Amino acid sequence: MRWLIAGAKGMLGQDLTARVVKDGHDLIAVDIDGIDITDPASVREIVKDVDVVVNVAAFTAVDAAEEKEAAAFTVNATGPEILARRCREIGARFVHISTDYVFSGDATSPYREDGLLEPKGAYGRTKAAGEWAVRCNTDDYLIVRTAWLYGAGGKCFPKTMRDLSQTHETLSVVTDEVGQPTWTVDLADLIVRLVDAEAPTGIYHGTSSGKTNWHGFTREIVASIGKDPDMVKETTAAAFKRPAPRPHYSVLGHDALERIGVEPIGDWKERWLAAKDVVLG
Ligand SMILES: NC(=O)c1ccc[n+]([C@@H]2O[C@H](COP(=O)([O-])OP(=O)(O)OC[C@H]3O[C@@H](n4cnc5c(N)ncnc54)[C@H](OP(=O)(O)O)[C@@H]3O)[C@@H](O)[C@H]2O)c1
């Protein structure tokens with residue numbers, strides 16, 4: 001099978017590229033220096049003779065998106081629209097990555113795949129528009145929503161906390177934002193398994209199972225580098241004013257995966273223990 005990955009140099013893109021190569025598929029792996037997903041001519045030139053196109057390219061700077069919503073919209077909504085149209089033209093399956101930020105974050109039980117889209121900030125609005133752009137322009141798609149991603153190939157929460165724990169005696173970390181830390185290697189594996197299973201067109205949730213809050217995750221991170229988890233103190237999101245609102249509850253349910261017999265990613269803590277040496281180096 002011939003794959004194309006747009007955004008291949010990003011955090012998820014690097015692990016997905018490695019996985020697709022390992023599986024022995026033909027692959028065109030491109031990033032902004034090889035394709036501009038917002039430019040129909042660039043997409044027409046690069047996206048051809050492939051069976052599967054995965055879009056992991058995005059404007060991911062959540063706070064910057066508040067000031068630059070038009071630029072974020074172009075990458076997160078117009079880009080997927082152009083790619084989806086091109087996939088329809090050439091008969092390729094389109095896999096598009098979305099986010100928990102399309103939801104309000106006010107729920108108290110896991111979000112369903114068909115839950116109401118109610119983004120609270122600019123990034124979430126542009127990603128929600130991207131989902132609809134895909135759904136409107138091809139009928140052969142997989143939208144995979146993920147959240148709380150970490151990986152070896154990018155700036156991410158565990159690396160930041162590791163670095164801070166080396167220069168601070170204590171760390172104050174929020175307890176009132178709940179989610180599912182998810183390793184990019186596991187998400188790459190899930191994307192490949194969905195494609196291999198010829199999963200029906202639709203929306204799937206690609207996050208670890210279980211749930212924690214940033215405080216709980218940080219305790220695991222510092223413990224895994226031999227520090228005392230009690231150095232991690234509790235605080236609330238109100239203490240951290242940031243330009244973009246953060247969801248308080250980002251837990252995504254995995255019913256759609258279970259319905260088609262594709263196993264969801266394992267429990268977040270068990271997966272962190274598998275990931276920690278790779279991610280923290
Ligand atoms: N990271 C998370 O915690 C998280 C959570 C939920 C969902 N997601 C979603 O998961 C996906 C992957 O995220 P990630 O963290 O791996 O992203 P990332 O590291 O920011 O990578 C995105 C890549 O896309 C490239 N890109 C930007 N604009 C482009 C364009 N017009 N054409 C082609 N390439 C372009 C970027 O290049 P530059 O760096 O040069 O801009 C970057 O290499 C995204 O869809 C994101 O919304 C991420």
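A backbone N or O atom of I35 lies 3.5 Å from a nitrogen atom of the ligand. Two further polar contacts (pairs of N or O atoms within 3.5 Å; within protein, one atom must be able to donate a hydrogen and the other to accept it, and residues adjacent in sequence count only if both atoms are side-chain atoms) involve oxygen atoms of the ligand: a backbone N or O atom of L12 lies 2.8 Å from one such oxygen, and a polar side-chain atom of D31 lies 2.8 Å from an oxygen of the ligand. Taken alone, the ligand exposes 900 Å², of which the protein buries 76%. These accessible areas come from the Shrake-Rupley method with a 1.4 Å probe, and for residues only the protein chains shown count as cover.

This is a predicted model, in which local features need pLDDT of at least 70 and side-chain atom pairs count only at pLDDT 80 or more, while totals for chains, interfaces and linings use all residues. Residues are numbered from 1 along each chain as its sequence is written, and side-chain values use heavy atoms, with hydrogens and water left out.

**The shell around the ligand**

The ligand is surrounded by 24 residues, and the closest are L12, D31, T60, Y123 and K127; a residue belongs here if one of its heavy atoms lies within 4 Å of the molecule. By type, the shell divides into 13 nonpolar, 7 polar and 4 charged residues. In this division Ala, Val, Leu, Ile, Met, Phe, Trp, Tyr, Cys and Pro count as nonpolar, Asp, Glu, Lys and Arg as charged, and the others, Gly among them, as polar. At least two shell residues each come from α1 (11-22), β4 (93-99) and α5 (122-137). The largest share, 3 residues, is that of β4. Helices (H or I, at least four residues) and strands (E, at least two) are DSSP runs numbered from the N terminus.

**The largest nonpolar core**

In soluble globular proteins, nonpolar side chains tend to be buried together. Here the largest nonpolar core holds 26 residues, and W3, L16, V95, I191 and L194 touch the most other members. Such a core is a set of buried Ala, Val, Leu, Ile, Met, Phe, Trp, Tyr and Cys residues joined through side-chain atoms within 4.5 Å. The elements that each supply at least two residues of this core are β1 (2-6), α1, β3 (52-55), β4, β5 (141-146), α7 (184-196) and α9 (255-259). Of these, α7 gives the most, with 7 residues. Beyond its neighbours within four places in sequence, I191 is in contact (heavy atoms within 4.5 Å) with W3, L12, L16, V95 and I97.

**Individual residues**

N76 is placed in helix α4 (residues 69-90). N76 counts as buried because its relative accessibility is 1%; buried means under 20% relative accessible area, exposed over 50%, and partly exposed in between (1.4 Å probe, protein chains only). The N76 side chain reaches the backbone nitrogen of F59 at 2.8 Å and makes a polar contact with the side chain of T126 at 3.1 Å. With neighbours within four places in sequence left aside, N76 is in contact with A58, F59, Y123, T126, K127 and G130.

G179 lies in strand β8 (residues 178-179). Outside four places in sequence, G179 is in contact with W148, K211, T212, S250 and V251. The C-alpha atoms of G179 and A29 are separated by 30 Å, with the two residues 150 apart along the chain.

H25 is found in the loop between α1 and β2 (26-30). Residues up to four places away in sequence not counted, H25 touches M1, W3, V20 and D196.

T170 occupies the loop between α6 (157-167) and β7 (171-174). Leaving aside neighbours within four places, T170 is in contact with M231 and K233. T170 and R88 are 82 residues apart in sequence and 53 Å apart in space, C-alpha to C-alpha.

D49, in the loop between α2 (40-46) and β3, has a positive phi near 55° although it is a residue other than glycine. E198, in the loop between α7 and β10 (202-205), is likewise not a glycine and has a positive phi of about 50°.

The accessibility of these further residues is listed below.

| Residue | Relative accessibility | Class |
|---|---|---|
| G179 | 0% | buried |
| H25 | 18% | buried |
| T170 | 40% | partly exposed |
| D49 | 62% | exposed |
| E198 | 66% | exposed |
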